[in-house]
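Please keep the sequence and the structure in view while reading the points below.

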Amino acid sequence: MAQPPKFNMNELLKKAQELQKNIEEQKAKLKAETTTVSVGGNAVVVTVDGEKTVKSIKIDPDLVADGDVTVIEDLIVSAINSANAEIDKKVEAQMSAMAGPALNMMPGLFGK
């Protein structure tokens with residue numbers, strides 16, 4: 001019967017530190033990443049960063065001239081929600097890309 005791989009605590013800690021470093025690097029990249037979304041035929045354009053902080057909102061002057069505040073408010077909410085959904089997709093894609101290598105960094109821990 002084959003022997004299971006020996007458990008090396010020092011190696012495990014080293015791999016965990018590498019994983020933590022990779023996670024911090026990915027967080028920094030995501031923070032720097034931005035997504036811009038437009039709604040209402042470019043009536044409202046919103047840019048958010050990877051932490052879902054709104055960086056800018058641009059409103060078409062014609063929309064303001066119409067004076068319908070409710071429409072403006074609805075378009076802003078829609079644009080922010082759409083931009084946040086795009087950021088969520090980017091975060092999920094990056095985390096999925098990291099998950100495989102992270103699990104492979106720790107052989108023996110999950111029966112591999």
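The chain exposes about 7800 Å², of which carbon and sulfur atoms supply 56%; accessible areas come from the Shrake-Rupley method with a 1.4 Å probe, and for residues only the protein chains shown count as cover. This is a predicted model, in which local features need pLDDT of at least 70 and side-chain atom pairs count only at pLDDT 80 or more, whereas totals for chains, interfaces and linings use all residues. Residues are numbered from 1 along each chain as its sequence is written, and side-chain values use heavy atoms, with hydrogens and water left out.

**Overall architecture**

- The secondary structure comprises three helices and three strands; helices (H or I, at least four residues) and strands (E, at least two) are DSSP runs, numbered from the N terminus.
- From the N terminus on, the order of the elements is α-β-β-β-α-α.
- Of the 112 residues, 22% count as buried, where buried means under 20% relative accessible area, exposed over 50%, and partly exposed in between (1.4 Å probe, protein chains only).

**The strand pair E1 and E2**

- Strands E1 and E2 run antiparallel and are joined by six bridges; two strands pair if DSSP finds at least two bridges between them.
- Four residues separate E1 from E2 in a hairpin, and Gly 40 in the turn has a positive phi of about 65°.
- Thr 36 is placed opposite Thr 47 in E2.

**The nonpolar core and Leu 63**

- The largest nonpolar core has 13 residues, and those touching the most other members are Val 39, Val 44, Val 46, Val 48, Leu 63, Leu 75 and Ala 79. Such a core is a set of buried Ala, Val, Leu, Ile, Met, Phe, Trp, Tyr and Cys residues joined through side-chain atoms within 4.5 Å.
- Strand E1 (34–39), strand E2 (44–49) and helix H3 (69–104) each give two or more residues to this core, and H3 provides the largest share, six residues.
- Leu 63 is located in helix H2 (residues 61–66) and is buried, because its relative accessible area is 12%.
- Beyond its neighbours within four places in sequence, Leu 63 is in contact (heavy atoms within 4.5 Å) with Ala 43, Val 44, Val 71, Ile 72 and Leu 75.
- Leu 63 and Val 44 are 19 residues apart along the chain, and their C-alpha atoms are separated by 8.7 Å.

**Salt bridges**

- The whole structure holds five salt bridges, each defined as a side-chain nitrogen of Lys or Arg within 4 Å of a carboxyl oxygen of Asp or Glu.
- One of them joins the side chains of Glu 11 and Lys 15 (3.7 Å, N to O); both residues lie in helix H1 (residues 9–32), four residues apart, about one turn of the helix.
- Another joins the side chains of Asp 49 and Lys 55 (3.8 Å, N to O). Asp 49 counts as buried because its relative accessibility is 4%, whereas Lys 55, at 52%, counts as exposed.
- Lys 52 forms a salt bridge with Asp 88, with the closest N and O atoms 2.7 Å apart. This pair links distant parts of the chain, 36 residues apart: Lys 52 is in the loop between E2 and E3, and Asp 88 is in helix H3.
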